[in-house]
Amino acid sequence: MTFHKYVVTAQKPTATQFAVKGLFTSPHETNLILGKGTRIEVYTLTVDGLKPTIEFSIHGTIIALRLYTPQGRDKASLFLITSRHKYCVLSFDASQQIITESTGEIGSKETKRRQTHDTIYHPQDYMNISLPDKHIVSLAFLQDSHMEPTLLILYDDSLGRRYLQTFTIDAKNRQLVPGNIVMDHFEPDANTLIAMPAAVGGVVLIAGKFIRYLKPNQPPVAIGIRPSTINSWSIMNAEGSRILLGDAEGMLHLLTLNILQHRVDSLSFIGLGSTSIPSCLVYLDNDVVFVGSTVGDSQLIHVRRTDDTAAAAENGDILEVIDEFPNLGPITDFCVADLDKQGQTQLITCSGVAKDSSLRIIRNGVGLNELATIGISGVKGVWALRPSFHEKHDDMLVISFVNQTRLLALRGNTMTQLDTYSGIDVNSRTLIAVNVKEDMVIQVTDKSVRLMDANGQGGLLDEWVPEGNAQITVASVNPSQCVISTGYKRLVALQIRDKRLELLGTTQLPDEISCIDISPIDAENPLDSSVVAVGLWENVGVCLLSLPDLRVIHEEKLAGTVMPRSILMAKFENICYLLVALGDGQFYNFKLDTKEGALSDKKRSFLGKLPIHLSTFTSNGTTHVFAASDKPSVIHSRNKKLIYSNVNLREVRCATSFNSVSFPDAVALTAKDGLVIGQMEEIQKLHITKIPTSDTPRRITHQEASRTFGIVTERISSEPYTASTTTGGFEILDDQTFKQLDRIYFKQFERPLAATCMTFENDNTEYYIVATGRDTDEYENKSVGRIIVLQVTSQRTLRFVSQVKTDGMVDCIRPFQGRLLASVKGVVHVYKWEETSTLVSTCQKQLPSITETMTTRNDLIITGDMAYSIVVLRYDSKSDTLTEVAAHEKLKEVLAIEAADDNVYVAAERHGHLFVVEKCLDESMNDEPLLETVSVWHLGDTVRKFRFGSLGMNNADPDRKPEAPTLIFATASGAIGLIADLTADRFKLLDQMQYNMTRVVKSIGDLSHIDWRSVSIMDRKDEAVNFIDGDLIESFLDLTPQQMQAVVDGLYGGRKLDKSVEDLCKVVEELMSAHP
């Protein structure tokens, strides 16, 4: 397998580390700006809540974020620092673009300033100030207006004593001048300074049990509080008299500074209630506060005003959650499973911490929010009608059965059944019912075509009955035309003229007709179509005929013997397509030239196994296509490429758009048991479902036989642990409902650490294996553990089968050739399952240090060490021995590892780097075989698990060569990414394309992409090798045509590519099709 890798994120970071408020996009609009790892999201405060305004990525991990308003300006600039000590200043200009005003490196004297206007704003030259004998804990500028620029610095001296001291800035000599020590005796957990506005001045100092107000030359004012770790704050008013404080347990508090005669007289401190565990707080306005979190969902909270705040807080009546912003991070483990058995894999992640913990189900697709359900069976079709042709909202559903039709009208918020409506025939099966021009409706039944008034008091205007009372088999209607088939290869076209049905013509086709479509897709003629598309069986294919003369203008044969069941002409992003769905789940799409009536660019995929029914619906002003089948999908377009997104429903037989007053942008779907009215969620890449958990999930595994998930949980408590404290548990959940079926708890300081699911070589029963550990001395030098074997009974409860004690904590377990691998305090054991239902260690091998991650490949065991990178062992089943066959002799803490093949291994380490090592094939060249680093790349996030799998739909073109398996990874910030293999030729092209793009497109903040992706450890920096940044490559489709051509031409220091712009677009589209 190749060591050329393509890395792309399917889900951007979701954990909110930073939040600031200010006038960024406009002098008249207040913005909330969030920092999420490598991303910045800008929202605008509106009366309806937070409105997303702009979001973008930077080449760096954000470690500081501030808004400030330069003198003479009415908008704020955004100042940020990255983990590589780069800084930049960004602003938002009149052309709605992010502008880089200034950029540089902290510690460097060079500062770049970008000239974007006649007047340029940038920070004043900063001073590099060294305080070598002081460890800075916190600092704040005093806001007192009458004072010279003064810093209050909280620091520890070389002996560990903590001081709070003033320093004034001597701008002339570019140095800090030490001032008075404000305080020199307080708690070691006093760690946060909050500068008060000028009206009050001074600072608030936060400690674990005390809060103090301090101001030079004034006595301190203090208040005692319940022991808390306060980690976030936000000043609520201009005077600074009210401050919101958030603590590490997710409690929100209000600190009030009681001011008398412009001096702080006393402090009061009350609890307001529970929120997500905050990383940042921003008070917005009107008693609304944003709670940003890295370990739970961020929230928009309304703080209710009340006379008795303490009593209301006790009852939980003060805080109201207005909105939540999902956060997947930190993801400590995940598994990949096909829960619906439809070839659609899903990720189930262990997310969050403590009370904010949850399982998240992540899949590629679209969610449907059910608004109403009507129990009804036997439905053959459903259509929505409006009271007039130009009315925007639907108010009635026509529901067809085998030999009758039912009508449901929306009256207020209630669906009411009607016995009659205009001229609708309720005693026949309806094939289609549609609003047509001049406020009329056409209903086609199996007996006739009926034209009637659209209002309920109207009646039948005209009826067309086939010759000889022949049965109508299929039909299609647009606002002015109707085309039907009466079987026996006969096609009939009608048009509406003077409120009558007029015969346009008939024709005889060589094959039987299975489906018809005359949807208007020409913007110049929205009421009629010049083309009729027909699906044929016997000789399976499609045929295009011209209207009104029904002349055959194009024929296309399709593979197989299964007839087309639905056909649709649709337009996406101004490109016309012909969509053809077959009875076995096959789906074809063609590009359609409506002028010439020609089909081209044929593509085939699978959208299920049963017949597909195609219909259009509108969501957020955009038209999409719903493909109803056993695996329903939404077809939409992105970057002029058709995308198929699964819908979170089991089976849908037909669908129609139902945009009503009560249910805006809704769809009506018929399933096996009833009619569902719902709204499609945003057509997004990934659909995420939250399953809250009582304890923090740490490990997850799926057992196919019992259809359960096994979850290792940890109970996190602020109280001291005792022997009777529950430390964690192992629980099993139903893999469909996620209901907890059974659970075991651990006490006596024993903690569950790992779990897996397996069958042994001499026992076909599928077991859960749980590994634990417990420290046996107060210095954590000695420990013991257990490996427990559990079975799920027929009553779906856990049964204890066996256990074995270990002489150390069990850090990691994994199935291996019908045996169990366990890493026990730096020693790898191979356990065999005896017929007596006991585990016996048959061999072991000492490792350099503790191993928390390992993988297997055939007879190889690849371990990730906490200190000494990677060690590869070979297991000989005949002699029952473990032998070291290779090692990566580097000092790295490996957190996750997976084997690409026998010789190539992908790993993630503590500093946020990904790397690939290859086993030296010529072992005679070395006394001890080595693993050589062949690829390195900086991801900028912590990865704790790799899994083979895919997030794409299983509808790939069967005519294409199958793709190599991809690696999925999940990170601490909630991002989900994929690593795919590249051929040497494809890598060479993308590598040069990547470089050319960095030369043509100026990055936000002028932050270097090469520097960002380089690997930096202990101030040593190595450029990234053999990795391609998929996020950068896929942004090629967002460039202007001029920029695309510049990339191809290699302008501004690049190299000319031997591909055209169109070639590169196809390459990028192909890469994008492999992930959501």
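The sulfur of Cys-515 sits 11 Å from the closest cysteine sulfur, that of Cys-543, which is too far for a bond, given that a disulfide is defined here as a pair of cysteine sulfur atoms within 2.5 Å. Before I go on, please keep in mind that this is a predicted model, in which local features need pLDDT of at least 70 and side-chain atom pairs count only at pLDDT 80 or more, while totals for chains, interfaces and linings use all residues. Residues are numbered from 1 along each chain as its sequence is written, and side-chain values use heavy atoms, with hydrogens and water left out.

To return to the cysteines, a search of the whole structure finds zero disulfides, and Cys-543 is accordingly in none, its nearest cysteine sulfur being that of Cys-515 at 11 Å. Cys-515 is buried, with a relative accessible area of 5%, and Cys-543 is buried as well, at 2%; the term buried stands for under 20% relative accessible area, exposed for over 50%, and partly exposed for what lies in between, using a 1.4 Å probe and protein chains only.

Let me turn to Ser-514, which belongs to strand S43, residues 512-517; helices (H or I, at least four residues) and strands (E, at least two) are DSSP runs, numbered from the N terminus. If we leave out residues up to four places away in sequence, Ser-514 touches Val-474, Gly-535, Leu-536, Trp-537, Met-563 and Pro-564, where contact means heavy atoms within 4.5 Å.

Next, the backbone in the loops. The peptide bond from Gly-329 to Pro-330 is cis, with omega near -15 degrees, and Pro-330 is placed in the loop between strand S26 (319-325) and strand S27 (333-337). Another cis peptide bond runs from Leu-547 to Pro-548, with omega near 10 degrees, and Pro-548 lies in the loop between strand S45 (541-546) and strand S46 (552-557).

Which phi values deserve a look? His-262, a residue other than glycine, has a positive phi near 65 degrees, and its place is in the loop between strand S21 (251-260) and strand S22 (263-274), where His-262 is exposed with a relative accessible area of 71%. Asp-498, likewise not a glycine, has a positive phi of about 50 degrees; Asp-498 lies in the loop between strand S41 (490-497) and strand S42 (500-508), and is exposed at 68%.

Finally, the nonpolar cores, each a set of buried Ala, Val, Leu, Ile, Met, Phe, Trp, Tyr and Cys residues joined through side-chain atoms within 4.5 Å. The largest has 40 residues, and those with the most contacts inside it are Tyr-6, Leu-951, Ile-976, Leu-990, Met-993, Ile-1033 and Phe-1036. Among the elements that give two or more residues to this core are strand S1 (5-11), helix H2 (984-1000), helix H4 (1030-1034) and helix H6 (1061-1072), and H6 provides the largest share, seven residues. Leaving aside neighbours within four places in sequence, Ile-1033 is in contact with Tyr-6, Leu-990, Met-993, Gln-994, Met-997, Ile-1028, Val-1068 and Leu-1071. A second, separate core has 32 residues, including Met-396, Val-444, Leu-451 and Ile-484.
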